[in-house]
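Please read them with the structure open.

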Amino acid sequence: MKIAGCYSFWVWIRHDRPLWWLIPGTLSLILFALCLTRIESAYAARAYSAYGGVYIASSLLWLRGVEGVPPDRCDLIGAGVSILGALTVLFGPR
């Protein structure tokens with residue numbers, strides 16, 4: 001959601017798209033923010049930390065799927081490390 005929302009603003013500015021391109025992007029960002037409010041405040045920091053790892057991996061999927069650029073070896077290693085970090089935050093012993 002966040003990637004699509006930000007991408008619509010980027011395309012609007014960088015590729016001189018019409019103003020209506022901001023409508024789905026803005027709606028996507030609002031939906032993203034509303035989803036974040038569903039997290040209990042006691043767990044918010046962990047949820048945001050885990051989201052960071054997922055965001056990095058999702059960005060590389062976006063890079064490949066939407067922009068047509070294959071991620072390189074370092075991209076994939078970095079995404080793997082970030083997912084491992086997210087899993088450690090979520091499932092580490094307490």
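1. Aromatic pairs come first. This is a predicted model, and a search of the whole structure turns up five aromatic pairs. A pair of rings is described by the distance of the centres and the angle of the planes.

2. Take Phe32 and Tyr51. Their rings form a tilted pair, 5.4 Å centre to centre, with 45° between the planes. Phe32 belongs to helix H2 and Tyr51 to helix H3, so this pair ties together parts that are 19 residues apart in sequence. Tyr51, at 25%, counts as partly exposed.

3. Tyr51 has another ring partner to look at. Tyr51 and Tyr55 make a tilted pair, with 5.6 Å between centres and 45° between planes. Both are in helix H3; they sit four residues apart, so about one helical turn separates them. Tyr55 counts as partly exposed, at 28% relative accessibility.

4. There is also a ring cluster. Ring pairs link Tyr7, Trp10 and Trp62. Two of these names return in the next point: Tyr7 on the H1 side and Trp62 on the H3 side of a helix contact.

5. How do H1 and H3 cross? The axes of H1 (residues 2-14) and H3 (residues 44-65) come within 10 Å and cross at roughly 55°. The two helices are therefore oblique to each other. From H1, the contact uses Lys2, Ile3, Ala4 and Tyr7. From H3, it uses Tyr51, Tyr55, Ser58, Ser59 and Trp62. By class, the contact residues divide into six nonpolar, two polar and one charged. Note that Tyr51 and Tyr55, the tilted pair of point 3, are both part of this contact.

6. Helix H1 itself deserves a look. H1 has 13 residues. From its first C-alpha to its last it reaches 18 Å, close to the 18 Å expected at 1.5 Å a residue. Which residues of H1 are buried? They are Ile3, Gly5, Ser8 and Val11. Their cover includes helix H2 (22-36) and H3. Ile3 is also one of the H1 residues that meet H3.

7. Ser8 is a case to inspect by hand. Ser8 is found in helix H1. It is buried, with a relative accessible area of 5%. What does Ser8 touch, leaving aside its neighbours within four places in sequence? Ser8 is in contact with Trp21, Leu22 and Gly25.

8. Last, the backbone after H1. H1 is followed by Asp16, found in the loop between H1 and H2. Asp16 has a positive phi of about 50°, although it is not a glycine. Is Asp16 buried or exposed? It is exposed, with a relative accessible area of 71%. Ser8, by contrast, is buried at 5%.

Notes. Residues are numbered from 1 along each chain as its sequence is written. This is a predicted model: local features need pLDDT of at least 70, side-chain atom pairs count only at pLDDT 80 or more; totals for chains, interfaces and linings use all residues. Side-chain values use heavy atoms; hydrogens and water are left out. Axes are lines fitted to C-alpha atoms, for helices over the stretch in contact, and angles run from 0 to 180 degrees between N-to-C directions. Angles under 35 degrees count as roughly parallel, over 145 as roughly antiparallel, 65 to 115 as roughly perpendicular and the rest as oblique. Contact means heavy atoms within 4.5 Å. Ala, Val, Leu, Ile, Met, Phe, Trp, Tyr, Cys and Pro count as nonpolar, Asp, Glu, Lys and Arg as charged, and the others, Gly among them, as polar. The expected span of a helix is 1.5 Å times one less than its number of residues. Buried means under 20% relative accessible area, exposed over 50%, partly exposed in between (1.4 Å probe, protein chains only). Rings of Phe, Tyr and Trp (its six-membered ring) pair if their centres lie within 6.5 Å; planes under 30 degrees apart count as stacked, over 60 as edge-to-face and the rest as tilted.
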